[in-house]
Amino acid sequence: KNEELCRAKEMLKGQMAMEKEDSQELAWFFGFQELLESKTKTYEEVIKKIDSVEKADIKRVAKRIFSQDFYLALVGQGDEEKLLKLISL
């Protein structure tokens, strides 16, 4: 659902906003990029990237990650039909 994607984006952006206030987190943010990325991005650039993520992007990446056989176990009550629709890629 787009609502869930929006919530996830807002949560991630909120977490990043809080991390900007911590000098150790700030050092980690830029240090990690400096060591492992080809370009160091600003927080604003990362926020734009987060905002640009679409549901189709997540499905594409999930298909690549979970292309191997895997097992899924769920415990609880719910509508089986809705669940199967939700997890189908």
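Contact here means heavy atoms within 4.5 Å. The structure described is a predicted model.

In this model, Gln33 lies in helix H2, which spans residues 23-36. With a relative accessibility of 7%, Gln33 falls under the 20% limit and therefore counts as buried. When neighbours within four places in sequence are set aside, the residues in contact with Gln33 are Lys39, Thr40 and Lys41.

Helix H1 covers residues 2-19 and helix H3 covers residues 43-52. The two helices pack at an angle of about 170 degrees, and their axes are 10 Å apart. Angles over 145 degrees count as roughly antiparallel, and H1 and H3 are therefore roughly antiparallel to each other. On the H1 side, the residues that take part in the contact are Lys9, Leu12, Lys13, Met16 and Glu19. These meet Tyr43, Val46, Ile47, Ile50 and Asp51 in H3. Divided by class, the contact of H1 with H3 comprises six nonpolar and four charged residues, with no polar residues.

Lys13, one of the H1 residues that meet H3, was examined individually. Its relative accessible area is 17%; because this value is under 20%, Lys13 is classed as buried. Not counting residues up to four places away in sequence, Lys13 touches Ile47, Ile50 and Asp51.

Four of the lining residues come from H1, which is the largest share. By class, the lining has six nonpolar residues, one charged residue and no polar residues.

The relative accessible area of Glu4 is 46%, a value between the 20% and 50% limits, so Glu4 is partly exposed. Glu4 and Lys55 are separated by 51 residues in sequence, while their C-alpha atoms are 9.9 Å apart in space.

Note on methods: Residues numbered from 1 in each chain as written. Predicted model: local features only at pLDDT ≥ 70, side-chain atom pairs only at ≥ 80, totals over all residues. Heavy atoms only, no water. Nonpolar A, V, L, I, M, F, W, Y, C, P; charged D, E, K, R; others polar. Axes fitted to C-alpha atoms, helices over the stretch in contact; angles between N-to-C directions. Parallel < 35°, antiparallel > 145°, perpendicular 65-115°, else oblique. Buried < 20%, exposed > 50% of the residue type's maximum accessible area, 1.4 Å probe, protein only.
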